Each structure stands twice: as C-alpha cells, then as structure tokens.
Amino acid sequence: MTKGQKNNWLLLGGFVLLVAWPLLFVKGDFEGADAQAGELVKELSPDYTPWVEPVFEPASSEIESLLFALQAALGAGTIGFIFGGYHERRRQQRQTSASASNNEPRS
C-alpha cells in the first residue's frame with residue numbers, strides 16, 4: 001500500500017468516525033437552528049407575530065432535508081468549479097511562461 005493510499009484510508013476512516021460519532025453517542029434532538037430560534041422567540045416574546053410567511057413549505061422534514069442537501073451540493077459544486085477554473089488558468093499561465101522562457105535566445 002502506497003503512502004497516498006494509506007492517507008486516503010485514514011481520511012475515509014476519520015470521516016466515518018466524524019459522521020458516526022454524533023449519531024451513535026450524542027443523545028437528544030437533532031433540530032435545526034431555525035426551529036430553535038423560533039422556539040426562543042416564542043419564549044422571549046409570546047405576542048410576536050412574524051412579518052412574512054414562507055413562500056414554500058415542504059410536505060415533510062425529509063423533503064426539507066433533501067432540498068437543503070441539494071442546495072449545499074449545488075453551492076459546493078459551484079465553488080469547486082470556480083476554484084478548478086482558477087487553478088487551471090494558473091497552470092496554463094505557468095506552462096506558457098515556462099515555454100516562452102525556454103524559447104528565448106541565449107546571448
């Protein structure tokens with residue numbers, strides 16, 4: 001096993017541990033920050049009325065989670081695409097400047 005493969009397995013093991021640990025050993029409700037904030041507002045100011053209503057209310061919490069995960073995936077994909085474009089542009093610029101310096105006549 002090469003060093004790179006070993007590092008990949010260690011990263012995968014760490015990822016699985018980070019995901020599994022809270023699910024297996026942390027007791028309590030896995031509630032979103034929006035729900036917690038709403039409960040806190042009701043507790044601090046029981047007569048508060050919201051300014052606006054949601055435009056779209058998902059049918060279930062599973063659909064809501066799916067839409068949130070889709071939004072996160074699209075954002076991560078967009079950021080990765082942008083960084084990949086910058087990386088490729090820099091690589092091409094370095095390659096072009098290196099080939100230009102190799103073609104210069106020597107005095």
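Student: Which is phenylalanine 25, buried or exposed?

Tutor: This is a predicted model: local features need pLDDT of at least 70, side-chain atom pairs count only at pLDDT 80 or more, and totals for chains, interfaces and linings use all residues. Residues are numbered from 1 along each chain as its sequence is written, and side-chain values use heavy atoms, leaving out hydrogens and water. Buried means under 20% relative accessible area, exposed over 50%, and partly exposed in between (1.4 Å probe, protein chains only). Since its relative accessible area is 52%, phenylalanine 25 is exposed.

Student: How does tryptophan 21 count?

Tutor: The relative accessibility of tryptophan 21 is 49%. Tryptophan 21 therefore counts as partly exposed.

Student: Which helix holds both residues?

Tutor: Helices are DSSP runs (H or I, at least four residues), numbered from the N terminus. Tryptophan 21 and phenylalanine 25 are four residues apart, about one turn of the helix. Both lie in the helix spanning residues 3–25, α1.

Student: How many residues of α1 are buried?

Tutor: α1 has 23 residues. It lies largely in the open, because the number buried is zero.

Student: What kind of aromatic pair does the structure hold?

Tutor: Rings of Phe, Tyr and Trp (its six-membered ring) pair if their centres lie within 6.5 Å; planes under 30 degrees apart count as stacked, over 60 as edge-to-face and the rest as tilted. The structure holds one such pair. The ring centres of tryptophan 21 and phenylalanine 25 are 4.5 Å apart and the planes are at 45°, so the pair is tilted.

Definitions and conventions:
Helix = DSSP H or I, 4+ residues; strand = E, 2+ residues; numbered from the N terminus.
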